[in-house]
Each structure stands twice: as C-alpha cells, then as structure tokens.
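Subject: Structure for your files

Hello,

Here is the structure I said I would pass on. My notes on it follow below.

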Amino acid sequence: MIFGSVCSGIEAASVAWEPLGWQAAFYAEIEKFPSAVLAHHYPDTPNFGDITQHEGWNIEQSVDVLVGGTPCQDFSVAGLRAGLAGDRGNLSLEFGRIAARLR
C-alpha cells in the first residue's frame, strides 16, 4: 500500500505501517522540528510542507490511503471554538480537497 501523509508530525503512520510493507509517497509538514525528523528518517520521501499549497504539489505516484491529523485547537475551548473559520480548523477542509484531488 502507498499512502500520503499530511499534517505529518514526526510520522506515526510510517512507524506503524512500515512493518506491513506500506510506503509513504509524500509527507506534508511545516513545523521545523518534525520536518527535521522526517528528513532524517525518510530522506527519500518528499515533504511538501504547507497543505494549503497542495495545488502546486507534484505528486508522482498514486496513493491508496491519505492520512493526516489536522490541528484540533479551533474546535475546542482552547481555540475559542473558531471551528472551520479558524486558520487551523480550516485545514480539515484542505484535507478534504487533497483527498478529492487524489481520488
């Protein structure tokens, strides 16, 4: 199975699925530390960065699964319940757009 990962963090999906033979086609992470971890452990897998820029991504292989954990703060009291109108909450809509693009 080939998967794409967005809001990848330090990439729990790769750690979990690697023993099953699954491979990541790409990551998308913007934070400095997690991006450094990805570059260290998976130097041959591209990190596309900002998911709001997905229309410019050059995805070279098809994926069977799209995985990602968009930030949840905007859906909680901590994020003042901004919901989809918040910058982080809106990322869940971008996830949906990426899924539609890869369909």
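Two strands count as paired if DSSP finds at least two bridges between them; strands (E, at least two residues) and helices (H or I, at least four) are DSSP runs numbered from the N terminus. This is a predicted model, in which local features need pLDDT of at least 70 and side-chain atom pairs count only at pLDDT 80 or more, while totals for chains, interfaces and linings use all residues. Residues are numbered from 1 along each chain as its sequence is written, and side-chain values use heavy atoms, with hydrogens and water left out.

The sheet: three strands form an open sheet in the order E2-E1-E3, with parallel pairing. E2 and strand E3 (65-68) are the edge strands, each pairing on one side only. From one strand to the next, the twist averages 20°. Five bridges join strand E1 (residues 2-6) to E2 in the parallel sense, and Phe 3 stands opposite Ala 24 in E2. Helix H3 (residues 91-102) lies across E1, E2 and E3 and runs at about 165° to E3 (axes are lines fitted to C-alpha atoms, for helices over the stretch in contact, and angles run from 0 to 180 degrees between N-to-C directions).

Glu 29: this residue is in the loop between strand E2 (23-28) and helix H2 (32-41). Glu 29 counts as buried because its relative accessibility is 10% (buried is under 20% relative accessible area, exposed over 50%, partly exposed in between, with a 1.4 Å probe and protein chains only). Leaving aside residues up to four places away in sequence, Glu 29 touches residues including Cys 7, Pro 34, Leu 38 and Asn 47, where contact means heavy atoms within 4.5 Å.

Regards
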